[in-house]
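Hi,

Here is the structure I promised to pass on.

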Amino acid sequence: MTPTELASLEALAKAATKGKWRVGSNRGDGVINIVESEWDYVCECFGYGASEPANAAYIAAFNPAAILSLIEENKRMREALSALYAAFLSRHGSFPLDRVTPEQCQWNDAMLKANDLLRLS
């Protein structure tokens, strides 16, 4: 997921109804309510069948606080990966090819993969 996509999700989460969402009443007519409190309805899920309760539970679980927490964790992981890659390069740079150990090859491969992941984001 790109930083732009994360920023878009973050803006949506910040604009949505705050609080802990939960599955509210099942009216029995194909509608399940997602609520923040007894009086604050977030949305209604329409449909019949086995997927309706699962869809309602999914929507309730992905409330704004959950999304913001995932985004923050993603940012921390990206920063840690970036710092690890930078530390690796500052310490090892590129290895002289005539003195590369198998362990250094594994570390180098891991760091190159990390760099690829950082470039994709």
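Predicted model: local features only at pLDDT ≥ 70, side-chain atom pairs only at ≥ 80, totals over all residues.

A term to start with: a residue is called buried when its relative accessible area is under 20%, exposed when that area is over 50%, and partly exposed in between (1.4 Å probe, protein chains only). Helices (H or I, at least four residues) and strands (E, at least two) are DSSP runs, numbered from the N terminus.

Residues are numbered from 1 along each chain as its sequence is written, and side-chain values use heavy atoms, with hydrogens and water left out.

On confidence: pLDDT is the predictor's own confidence in each residue, from 0 to 100. The protein chain averages 80, and 85% of the residues score at least 70.

Now to α1. Its buried residues are L6, E10 and A13. E10 counts as buried because its relative accessibility is 15%. Leaving aside neighbours within four places in sequence, E10 is in contact (heavy atoms within 4.5 Å) with L68, I71, E72 and K75.

Next, the core. A nonpolar core here is a set of buried Ala, Val, Leu, Ile, Met, Phe, Trp, Tyr and Cys residues joined through side-chain atoms within 4.5 Å. The largest one has 6 residues: W21, I32, I34, C45, A56 and A60. Two or more of these come from each of β2 (31–35) and α2 (51–61).

In α2, the buried residues are E52, A56 and A60. They lie within an arc of 70° when seen down the axis, so they line one face of that helix. They pack against β1 (22–26), β2 and β3 (41–46). A56 touches V23, I32, I34 and C45, not counting residues up to four places away in sequence.

Finally, the strands: β1 and β2 run antiparallel, joined by 3 bridges (strands pair if DSSP finds at least two bridges between them). V23 stands opposite I34 in β2. The two strands form a hairpin with 4 residues between them, and G28 in the turn has a positive phi of about 85°.

Cheers

Note on methods: Arc of directions from axis to C-beta.
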